[in-house]
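Subject: Structure handover

Hi,

Here is the structure I promised to pass on.

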Amino acid sequence: MDTSDLFASCRKGDVGRVRYLLEQRDVEVNVRDKWDSTPLYYACLCGHEELVLYLLANGARCEANTFDGERCLYGALSDPIRRALRDYKQVTASCRRRDYYDDFLQRLLEQGIHSDVVFVVHGKPFRVHRCVLGARSAYFANMLDTKWKGKSVVVLRHPLINPVAFGALLQYLYTVVSKPGTCVKVLTIEPPPADPRLREDMALLADCALPPELRGDLWELPFPCPDGFNSCPDVCFRVAGCSFLCHKAFFCGRSDYFRALLDDHFRESEEPETSGGPPAITLHGISPDIFTHVLYYVYSDHTELSPEAAYDVLSIADMYLLPGLKRLCGRSLAQVLDEDSVVGVWRVAKLFRLARLEDQCTEYMAKVIEKLVEREDFVEAVKEEAAAVAARQETDSIPLVDDIRFHVASTVQTYSAIEEAQQRLRALEDLLVSIGLDC
């Protein structure tokens with residue numbers, strides 16, 4: 001529903017509605033419809049320059065020499081929009097980074113951050129990660145553990161191995177997207193299955209990092225790790241006596257907190273492993289069960305979260321600077337909204353800056369407002385919101401009340417719904433009058 005609304009709003013040029021859908025409803029800015037078109041394409045096609053600039057500033061993709069970029073440029077209705085597209089830079093100071101998993105893997109491949117092996121194909125180097133290749137390809141897992149074991153540089157000179165094709169293969173293994181017109185069947189490697197499960201393969205790295213003592217009590221997972229698979233960990237996290245053997249590339253690439261912890265001024269916190277393993281870092285204020293959720297999110301962009309666990313994971317995700325994990329917690333909490341919990345969840349959403357969850361809470365409040373006005377926790381929330389408005393004047397509005405009014409009004413689609421909406425609004429207004437906040 002929100003996705004359809006986004007496309008319609010882009011065609012109309014409704015910047016306010018698009019901003020609401022992206023920032024409050026957390027709709028993906030680069031989502032595609034059944035015609036493989038993006039919101040930016042429709043904004044360009046319909047000539048909405050202000051909206052085009054907003055979408056570009058908020059992560060819309062239109063790089064030159066790509067399908068999306070050339071299509072937007074060709075379909076643009078005006079010259080100012082074409083100039084804006086030509087001046088576009090993918091990474092800008094104003095671009096909102098939303099911790100997209102596919103973008104992280106693409107950066108991991110392109111920048112070679114914390115790579116531990118270099119393939120040289122007819123003179124062209126490729127910096128890659130043993131753990132990724134091993135998790136994604138049985139062939140690479142076997143070769144890296146036998147013929148190429150211990151090698152930091154692997155030179156490939158076979159005449160049938162083409163650097164362009166090898167690069168496409170790596171692109172496929174890291175992102176499941178290969179460049180058009182290139183073949184990924186090289187090195188006699190069996191091509192990946194038709195429906196590769198990228199996240200499941202990466203979750204294998206989390207499986208191997210999980211301490212043996214924790215594996216039996218969790219959800220069903222493919223334990224133990226496949227025979228002969230060595231994930232080549234380069235950091236050990238110690239959490240309440242449990243050791244998690246992990247990879248800097250993933251933790252540094254997905255979290256600025258861990259980047260500082262592992263790469264910058266916290267390096268003195270490393271402790272050498274007595275067994276000859278990777279250096280160890282002790283993490284405080286977190287349980288092994290909660291860190292397990294962090295582990296699976298970092299590797300696979302997903303973790304199974306119950307609403308009960310979501311509260312604890314949310315505070316850790318906020319501390320570790322993992323906005324995507326915070327959104328997963330928000331989605332879990334949104335599933336259990338009821339009259340008793342909605343105010344508490346709304347407070348949590350405001351505290352952790354979960355705009356979508358906050359909006360879902362106020363939307364639910366609008367549906368049950370006639371019951372909520374009788375609850376003390378809701379009354380206190382309204383009072384706190386009013387007090388938070390600095391130097392409040394009689395004409396100032398209360399954000400929580402405004403949001404509820406908006407959702408009440410948005411439900412009015414038929415004549416019969418008007419009376420019901422008016423009853424809800426009267427209940428809210430009566431509450432404001434009773435506590436001296438009517439305006």
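**Helix packing**

Helix H21 (residues 376-388) and helix H22 (residues 399-410) pack with their axes 7 Å apart, at an angle of about 115 degrees. Axes here are lines fitted to C-alpha atoms, for helices over the stretch in contact, and angles run from 0 to 180 degrees between N-to-C directions. On the H21 side the residues are Phe378, Ala381, Val382 and Glu385, and they meet Pro399, Leu400, Val401 and Ile404 in H22. By class, that contact has 7 nonpolar residues, no polar ones and 1 charged. The classes work like this: Ala, Val, Leu, Ile, Met, Phe, Trp, Tyr, Cys and Pro are nonpolar, Asp, Glu, Lys and Arg are charged, and the others, Gly among them, are polar. Contact means heavy atoms within 4.5 Å.

**What you are looking at**

This is a predicted model, so local features need pLDDT of at least 70 and side-chain atom pairs count only at pLDDT 80 or more, while totals for chains, interfaces and linings use all residues. Residues are numbered from 1 along each chain as its sequence is written, and side-chain values use heavy atoms, with hydrogens and water left out.

The protein chain has 23 helices and 6 strands. Those are DSSP runs numbered from the N terminus: helices are H or I with at least four residues, strands are E with at least two. Of its 439 residues, 47% count as buried. Buried means under 20% relative accessible area, exposed over 50%, and partly exposed in between (1.4 Å probe, protein chains only). Taking contacts between residues at least 6 apart in sequence, 64% join residues at least 24 apart.

**The S2-S1-S3 sheet**

Three strands make an open sheet in the order S2-S1-S3, with mixed pairing. Strand S2 (124-128) and strand S3 (153-156) are at the edges with a single partner strand each, so one side of each has no neighbour in the sheet. From one strand to the next the twist averages 20 degrees. Helix H10 (residues 163-175) packs on this sheet and touches S1, S2 and S3; its direction makes about 10 degrees with that of S2. Strand S1 (residues 117-121) runs parallel to S3, joined by 4 bridges. Phenylalanine 119 has valine 154 in S3 as its bridge partner. For pairing, DSSP has to find at least two bridges between two strands.

**The S5-S4-S6 sheet**

There is also an open sheet of 3 strands in the order S5-S4-S6, again with mixed pairing. S5 and strand S6 (280-282) hold the edges, each with a single partner strand, so one side of each is left without a neighbour in the sheet. The twist here averages 25 degrees from one strand to the next.

Strand S4 (residues 235-239) and S5 run antiparallel, with 5 bridges between them, and cysteine 236 is opposite leucine 245 in S5. S4 and S6 pair in the parallel sense over 3 bridges, with phenylalanine 237 opposite isoleucine 281 in S6. Helix H14 (residues 256-263) lies across S4 and S6, at about 110 degrees to S4.

S4 and S5 form a hairpin with 2 residues between them, and alanine 240 in the turn has a positive phi of about 50 degrees. Most residues other than glycine have a negative phi. Alanine 240 is exposed, at 63% relative accessible area.

**Two other residues**

Aspartate 36 also has a positive phi, near 65 degrees. Aspartate 36 sits in the loop between helix H2 (15-23) and helix H3 (39-45) and is partly exposed at 35% relative accessibility.

Glycine 75 lies in helix H5 (residues 67-75) and is buried, with a relative accessible area of 15%. Leaving aside neighbours within four places in sequence, glycine 75 is in contact with Cys44 and Leu45.

Cheers
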